[in-house]
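Please read it alongside the sequence and the model.

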Amino acid sequence: MSALSASSSSDARGEAFAPRYGAHCDPAGGVSFRLWAPSAVRVMLECEGQAPVAMAQAEAGEFVARLDCPVGSAYRYRVFVGDDDTGLAVPDPASRALRDGVDGWSLVVDPGAYVWQQPDWRGRRWEDSVIYEVHLGAIGGMAGLERRLPELVELGVTAIELMPLAECPGTRNWGYDGVQPYAVASYYGTPQAFQALVDTIHAHGLMVFVDVVYNHFGPDGNFLPHYAEAFFRDDVSTPWGAAIDFRRPQVRRFFIDNALMWLLDYRVDGLRFDAVHAIGDRGFLLEMAATLRARVGGARHVHLMLENEHNQASLLGGDAYSAQWADDWHNVMHVLLTGESQGYYADFVGDATAKLATSMGEGFVFQGLATRKGEARGEPSAGLAPTAFIDFLQNHDQIGNRALGERLSQLADADALAAATLLLLLSPKIPLLFMGEEWGSRRPFLFFTDHRDALADAVREGRRREFAEFAAFEDPAQRERIPDPNAPSTFAAACLDMAEAERPEHRAQRERFEAWLGLRHTWVVPRLAGARAKGSEVIGEAAVDACWRLGDGSTLRIAINLGQAAVSLAVSAPLLVASHADVAAALGVGQLPPRRCAVWLDAQEVTL
């Protein structure tokens with residue numbers, strides 16, 4: 001598992017990236033400040049220990065100032081809107097760090113001061129990716145993740161994907177309520193501590209991906225509407241309120257520079273862009289991908305991933321985005337594994353087996369098909385490489401958005417889940433695991449926040465109302481069982497229990513994951529570049545047979561039977577691996593047993 005490295009490097013301590021907005025340490029000394037506040041008539045810069053400074057008006061609603069102050073200085077802006085003579089004190093929306101939370105003081109940070117211990121790290125190929133999704137708090141913080149790195153390398157993981165890190169209200173949050181996208185959440189640590197964590201992860205040969213949220217701001221601590229009303233649209237709304245106005249160059253620059261900050265100042269290897277369907281601006285997405293690749297891609301590998309309900313195949317591949325989270329594949333697999341049919345799973349119940357065949361062979365199920373709501377969704381995807389899709393059986397959303405946060409280990413038949421796992425890990429698509437999945441954790445991953453006062457009450461009651469339409473929670477008394485997102489106990493319950501991983505039954509499952517990922521890295525990954533689907537077909541109820549032509553011309557074949565009865569299956573290539581010990585004998589008589597999966601690789605190099 002080699003990483004791309006330069007033979008020599010001079011960037012152990014490089015010049016920090018300077019986004020247009022925020023506070024930046026000038027190489028010649030001093031700190032420059034820039035704020036876009038088009039609704040304000042004037043702005044004062046307040047720095048602790050110094051007299052307030054009137055910021056000069058620059059172009060198009062921008063205010064600028066320069067001040068001699070050391071790294072670590074606390075500052076904020078006082079914005080005056082209309083005839084208000086008092087003004088409102090607000091943190092910098094491009095703060096690199098904050099003191100006292102989302103409505104506290106910003107801190108001057110010099111990202112270029114960190115001395116990198118892995119200056120020659122240039123990343124890894126996309127085809128190498130086996131992604132392990134982590135909530136940094138629930139895994140024990142930076143120190144907890146660092147302790148687990150050796151075992152994740154041994155498992156076969158090649159990339160750590162971190163749920164959003166931006167500053168959120170309180171001391172714990174999933175990360176999607178962020179209001180300070182440039183600031184590493186203070187409850188995780190300092191910016192330099194995160195740089196050191198990335199450095200350590202790279203030292204283990206692993207990539208780092210960060211989940212970023214550009215479709216909305218959280219409900220607490222967002223002051224932009226007060227002094228930058230133009231940041232938002234008044235004609236388009238989203239589930240979180242007024243839509244962000246990506247038509248404006250200042251807004252586009254704010255977010256593109258944020259993405260560059262993660263890639264350049266923190267040297268992460270990739271970004272996962274949350275729910276871009278709620279951004280609703282294709283031009284912005286293409287501009288962002290082109291800018292990121294032009295600025296960073298020549299020097300090292302950069303991987304850009306989308307979550308996108310619109311299934312826009314035209315955004316994937318080439319110089320655009322590397323891959324999309326394959327929600328369609330997950331949803332149909334979940335239906336077949338659990339029999340659930342409520343909510344968005346209703347779109348995958350009818351002809352579920354045919355939908356699985358489509359997903360295995362073409363990526364998206366919805367390629368222009370109408371949903372249960374009558375809305376056409378998606379673009380044709382059959383021409384895309386299988387590596388343009390990130391498959392998963394579980395992730396933070398699919399577990400945590402359940403009322404009680406149950407994992408598949410509690411919902412699915414164990415044999416069927418093993419078969420599905422083999423498909424996930426040996427498929428030519430990119431596999432993603434959620435923390436604890438590798439040992440079959442039975443701990444819930446619950447939705448948690450740390451909101452204040454009335455907002456905390458609204459979040460708790462709103463979440464319980466969300467599940468009122470589900471049969472299990474029609475009774476108000478049953479809805480009271482849904483954990484309060486703001487309770488400390490909810491967060492505690494969502495944290496990994498490493499003692500669980502050491503129990504014999506869980507150790508056995510982890511060993512199986514390790515063996516199967518070992519086969520992936522040995523036989524599949526070296527052949528992934530240039531892979532294309534050859535076809536997939538339904539071979540029985542809940543049973544599909546699919547083939548892919550790999551980059552070296554060999555053929556990978558996977559058959560899965562999630563049904564209740566054996567299906568007929570003719571085979572000729574040597575069996576690479578099966579989910580269960582009884583599969584080989586059954587295949588000898590032309591049968592694939594129920595709740596089983598088998599993988600073949602037709603290549604001369606395969607020996608049994």
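**Charges over rings**

- R42 lies over the face of F80, 3.7 Å from the ring centre; a charge sits over a ring if NZ of Lys or CZ of Arg is within 6 Å of the ring centre and within 35 degrees of the ring normal.
- K429 is placed over the face of F389, at 5.8 Å from the ring centre.

**Basis of the values**

- This is a predicted model, in which local features need pLDDT of at least 70 and side-chain atom pairs count only at pLDDT 80 or more, while totals for chains, interfaces and linings use all residues.
- Residues are numbered from 1 along each chain as its sequence is written, and side-chain values use heavy atoms, with hydrogens and water left out.

**Aromatic pairs**

- The whole structure holds 34 aromatic pairs; rings of Phe, Tyr and Trp (its six-membered ring) pair if their centres lie within 6.5 Å, and planes under 30 degrees apart count as stacked, over 60 as edge-to-face and the rest as tilted.
- Y182 and F254 pair edge-to-face, at 5.2 Å centre to centre and with 65 degrees between the planes.
- This pair links distant parts of the chain, with Y182 in strand β14 (residues 180-184) and F254 in helix α4 (residues 249-264), 72 residues apart; helices (H or I, at least four residues) and strands (E, at least two) are DSSP runs, numbered from the N terminus.
- Y182 and F254 are both buried, where buried means under 20% relative accessible area, exposed over 50% and partly exposed in between (1.4 Å probe, protein chains only).
- F434 and F445 also form an edge-to-face pair, 4.9 Å centre to centre with 65 degrees between the planes.
- F434 is in strand β24 and F445 in the loop between β24 and α11, eleven residues apart; both are buried.
- Ring pairs join a cluster whose members include W36, Y182, F254 and Y321.

**Open sheet**

- Four strands, in the order β1-β2-β6-β5, form an open sheet with antiparallel pairing; two strands pair if DSSP finds at least two bridges between them.
- The edge strands, β1 (22-25) and β5 (56-57), each pair on one side only.
- β5 pairs with β6 (residues 62-67) in the antiparallel sense over two bridges, and Q57 stands opposite F63 in β6.

**G436**

- G436 is in the loop between β24 (430-434) and α11 (453-466).
- G436 counts as buried because its relative accessibility is 0%.
- Leaving aside residues up to four places away in sequence, G436 touches Y132, R407, S441 and L496; contact means heavy atoms within 4.5 Å.
- G436 and A493 are 57 residues apart in sequence and 13 Å apart in space, C-alpha to C-alpha.
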